[in-house]
Amino acid sequence: MKVLLVTFSDNSDHQDTLFGMYEALIGNAEVDAYLMAIRTPKVPLARSDRTWLVDCPKRPGIVKKTFDVRTLGRIIRRVRKERFDAVYFESLHVWNLPVMLSLGRSAHRYQVIHEVIPHEGDHLARGVDFMNRVVCRTADTIVLRNRRYVEEMVRRYRISRDRVRYLELWRRYPGLTPPVHSGRILFFGRINPYKGAENLLEIVRLCPELRFDVIGRVDPQMEQTAEELEKEKNVRLVNRYVTDEEMREAFTGADWAIVPYNTASQSGIIIDAYKYSRPVIAFNVGAIAEQVDDGRSGFLVTAGDNAAFAAKLKEAAAMPPEEYDRMHRSAWEYGTEKYSAGGAVNRFIRLVTEKYGNDHH
């Protein structure tokens with residue numbers, strides 16, 4: 001079966017996810033995999049004549065490059081020429097749509113939707129909702145990253161249940177990363193309303209004895225909260241996008257990763273924490289409970305209870321070294337079992353080879 005994996009995104013998480021699956025499929029007897037991605041990827045990639053790096057708009061919005069019909073036309077002609085059985089789009093992008101439409105019924109079209117319910121207060125929410133609705137009319141199969149929102153997807157976007165599939169997220173996973181016992185707590189990712197920036201500020205103030213690394217670009221709506229965070233003596237704030245190496249250093253230099261979100265479909269940060277062998281503490285919102293094995297890979301806290309979150313964080317920080325080391329290893333083992341690209345290969349192959357994905361051939 002011939003499959004093209006596509007992400008036009010400049011987001012390193014989407015790239016790592018898709019590149020990891022492409023590399024895991026190299027030499028596979030069931031799936032003959034090709035990859036299409038942005039010309040300037042942020043993460044390493046095993047390149048070959050089956051990795052097509054293209055000049056495309058960096059963001060899924062409307063920019064000047066969006067209307068480069070010459071480049072888009074070349075992409076479409078190349079895709080059509082290869083006669084793929086399936087084309088799998090890992091991320092939303094305006095160029096997904098013309099590629100999908102050009103394929104018609106010649107290939108089965110899969111589109112991953114990461115946010116079934118766009119985050120309230122996020123300035124991109126309307127655009128995400130619009131894109132979700134458009135791809136629901138264009139793709140043959142919608143792929144979600146958690147079970148919880150399957151029925152919501154069907155109801156919200158009025159599509160048939162048999163067009164929606166669940167496929168657990170994955171990443172490329174390294175070996176076990178040793179613990180450092182630094183006493184540092186990490187909040188990583190964009191600092192915006194739905195990720196609980198105000199919760200974080202209260203938790204920081206409730207835990208003056210703990211040291212926090214807050215790393216991520218500050219959303220304009222959260223600038224005042226970020227200024228308050230920066231004033232706290234126990235906080236180191238890095239307000240910018242960071243490199244992959246800086247990201248690795250952030251996780252490996254911390255003992256715990258925290259996810260005090262207000263809402264979430266799922267969290268890539270949790271998967272990254274496991275990738276670097278770090279347990280997590282998270283509010284039990286959205287589908288987060290599907291990602292945290294409470295007491296094994298981290299701890300879940302009742303949503304919105306900042307005092308309980310702070311108490312759990314203090315308890316975790318005071319954990320004896322040998323007990324922490326066990327949880328640190330358990331977090332990595334749990335993540336490797338559930339979220340490594342190598343472990344996801346069979347699930348991916350089942351998705352693209354099951355009958356509904358090939359009934360047009």
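The structure is a predicted model, in which local features need pLDDT of at least 70 and side-chain atom pairs count only at pLDDT 80 or more, while totals for chains, interfaces and linings use all residues. Residues are numbered from 1 along each chain as its sequence is written, and side-chain values use heavy atoms, with hydrogens and water left out.

Asn146 is placed in the loop between strand E6 (141-144) and helix H5 (150-157); helices (H or I, at least four residues) and strands (E, at least two) are DSSP runs, numbered from the N terminus. Because its relative accessibility is 3%, Asn146 counts as buried, where buried means under 20% relative accessible area, exposed over 50%, and partly exposed in between (1.4 Å probe, protein chains only). When neighbours within four places in sequence are set aside, Asn146 is in contact (heavy atoms within 4.5 Å) with Tyr166, Ser265, Gln266, Ala287 and Glu290.

Seven strands form an open sheet in the order E3-E2-E1-E4-E5-E6-E7, with parallel pairing; two strands pair if DSSP finds at least two bridges between them. Strand E3 (51-54) and strand E7 (164-166) are the edge strands, each pairing on one side only. On average, neighbouring strands of this sheet are turned by 20° against each other, direction ignored. For such values, axes are lines fitted to C-alpha atoms, for helices over the stretch in contact, and angles run from 0 to 180 degrees between N-to-C directions.

Within the sheet, E1 is largely enclosed by the rest of the structure, because six of its six residues are buried. In a regular strand the side chains alternate between the two faces of the sheet. In E1, Lys2, Leu4 and Val6 lie on one side and Val3, Leu5 and Thr7 on the other, and all are buried. E1 is joined to E2 in the parallel sense by six bridges, with Val6 opposite Met36 of E2. Strands E4 (residues 86-89) and E5 (residues 108-113) also pair in the parallel sense, over four bridges; the partner of Phe89 in E5 is Gln111. E5 in turn runs parallel to E6, to which it is joined by four bridges, and Ile113 stands opposite Leu144 in E6. From E6, Thr141 and Val143 point one way and Ile142 and Leu144 the other, and all are buried. Three bridges connect E6 with E7, again in parallel, and Val143 has Arg165 of E7 as its bridge partner.

Helix H2 (residues 69-82) has 14 residues and spans 20 Å from its first C-alpha to its last, close to the 20 Å expected at 1.5 Å a residue; the expected span is 1.5 Å times one less than the number of residues. An α-helix has 3.6 residues a turn, so residues three or four places apart point the same way. In H2, Thr71, Leu72, Gly73, Ile75, Ile76 and Val79 are buried, and the buried residues of this helix pack against strand E1 (2-7), strand E2 (32-38), E3 and H3. Arg83, which follows H2, has a positive phi near 55°.

Helix H3 (residues 96-103) lies across E4 and E5 and runs at about 155° to E5. H3 packs with helix H4 (residues 125-138) at an angle of about 10°, their axes being 10 Å apart. The two helices are therefore roughly parallel to each other, given that angles under 35 degrees count as roughly parallel, over 145 as roughly antiparallel, 65 to 115 as roughly perpendicular and the rest as oblique.

Arg158, not a glycine, has a phi of about 50° and is located between H5 and E7; its relative accessibility of 79% is why Arg158 counts as exposed. Ser277, likewise a residue other than glycine, has a phi near 65° and lies in the loop between helix H9 (268-275) and strand E12 (280-283). With 0% relative accessibility, Ser277 counts as buried.
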